[in-house]
Amino acid sequence: NTQVLLASRPTGEPIPENFDIVQSPIPEAGEGEIVVRTIYLSIDPYMRGRMDDAKSYAASVQIGDVMTGGVVGQVVQSRNPKFSEGDFVLGMFGWQSFSVSDGSLVRKLDPAVAPISTAVGVLGMPGLTAYVGLLDIGEPKPGDTVVVAAASGAVGSVVGQIAKIKGCRVVGIAGPADKCAYVMEELGFDACVSHRSETLKTDLEKACPDGIDVYFENVGGKVFAAVLPLMNDFGRIPVCGLIANYNLTELPPGPDMSARVMRNILTKRLKIQGFIVTDRYDRFPAFEKEVGGWIRDGSLKYREDIIEGLENAPAALIGVLAGRNFGKMLVRVSDD
Ligand code: NDP
């Protein structure tokens, strides 16, 4: 059994030495337990936070522990009456090729309904994040301008497509030109600007001639600074993620922007609300029905970026934090 452990806590960007790859015997199921073979390991930005010691909304991974992570796998041994050998399942089994579980918080997947990999992507946690953040907090109305950062990614791509379905003008923000081309040509966004451009502020202004009604925040930093002056009165900002900050070791240099930020919130009567998707699984049935329907009828598309082999999981996480993924990042650990 291959396992990836947290070897040390990163300072800034994670490095391969922060991870240890070890071998251990394949676990055996005890009474009431199942053994799961990992097929896909999901790689998500939140994993960076789990590598730190800092207090947050979820517990840190301890040094020497298996890295935490969502997994799609197959039951290879069952001593739990709710599961049979061969069942496809979703669970937080971590960065390892086999795991043992008592079956609690494990969901069975039907491969006839959707490809099993989507259970950690468009039909799983990132898709639900997009759905509740945009619809429940962003409250988009037809004709609104919706801007979404990390636009080609697991969350952003779903945000933009739902906003289009709801009749909004959608502007993406992404890094490289190929990601911008993808969200416009494949996903139907109205425009996309690059956060790498020297002229980000004016590019965004041109792409949003009527200002911005909803900004779905995935990034923070200079992207937020470019968006804020363009927000319209009564605009909404669901704060989903701040990936530009995850590798920071201290506050960025420069002037304290809080006075400007607060003045914008006050005078424009903005609604800014952070949210954590794990609080919102009450919305899962509605999400699954609606987004599942859009995928089946072709009105919502998704893209996966799959790398082979558990030993490449550290590089995959380092890559997501540096924007090297193109679509939902997955590690294929064994055959499906
Ligand atoms: P993505 O698939 O979007 O991958 C991350 C992308 O972020 C990269 O590909 C890159 O795209 C972009 N990025 C990375 N660094 C920067 C930077 N410095 N400036 C601008 N863009 C950057 O990841 P997810 O869709 O899984 O996650 C998107 C966001 O949603 C993250 O912030 C994540 O933490 C958050 N999230 C929050 C949840 C919640 O419950 N609140 C749940 C799930 C996700 P590019 O090349 O275009 O720059």
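The model is a predicted one, in which local features need pLDDT of at least 70 and side-chain atom pairs count only at pLDDT 80 or more, while totals for chains, interfaces and linings use all residues. Residues are numbered from 1 along each chain as its sequence is written.

**Exercise 1.** State into which domains the protein is divided, and describe the contact between them.

Solution. Begin with the division, which gives domain 1 (2-121 + 302-332) and domain 2 (125-278), the bounds coming from an automatic or database domain assignment. The C-alpha centres of domain 1 and domain 2 lie 28 Å apart. Next take the contact, in which 17 residues of domain 1 meet 14 residues of domain 2, a contact requiring C-beta atoms, placed from the backbone, within 7 Å. On the side of domain 1 that touches domain 2 there are six nonpolar, seven polar and four charged residues, where Ala, Val, Leu, Ile, Met, Phe, Trp, Tyr, Cys and Pro count as nonpolar, Asp, Glu, Lys and Arg as charged, and the others, Gly among them, as polar.

**Exercise 2.** Determine how H2 packs against H3 and against H8.

Solution. Start with H2 and H3, whose axes are 8 Å apart at an angle of about 45°. H2 is therefore oblique to H3, since angles under 35 degrees count as roughly parallel, over 145 as roughly antiparallel, 65 to 115 as roughly perpendicular and the rest as oblique. From H2, Pro126, Gly127, Thr129, Ala130, Tyr131 and Leu134 meet Ala154, Val155, Val158, Val159, Ile162 and Ala163 of H3, and this contact has 10 nonpolar, two polar and no charged residues.

**Exercise 3.** Describe which residues, helices and domains form the shell around the ligand.

Solution. First, 30 residues surround the ligand, and the closest are Gly153, Ala154, Gly175, Gly241 and Gly323; a residue qualifies if its C-beta atom, placed from the backbone, lies within 6 Å. Second, helix H2 (125-138) and helix H3 (154-165) each supply at least two residues of this shell, with H3 giving the most, namely three residues. Third, domain 1 and domain 2 each contribute at least three residues. Finally, the shell comprises 17 nonpolar, 10 polar and three charged residues.

Conventions
Helices (H or I, at least four residues) and strands (E, at least two) are DSSP runs, numbered from the N terminus. Axes are lines fitted to C-alpha atoms, for helices over the stretch in contact, and angles run from 0 to 180 degrees between N-to-C directions. Two residues are in contact if their C-beta atoms, placed from the backbone, lie within 7 Å.
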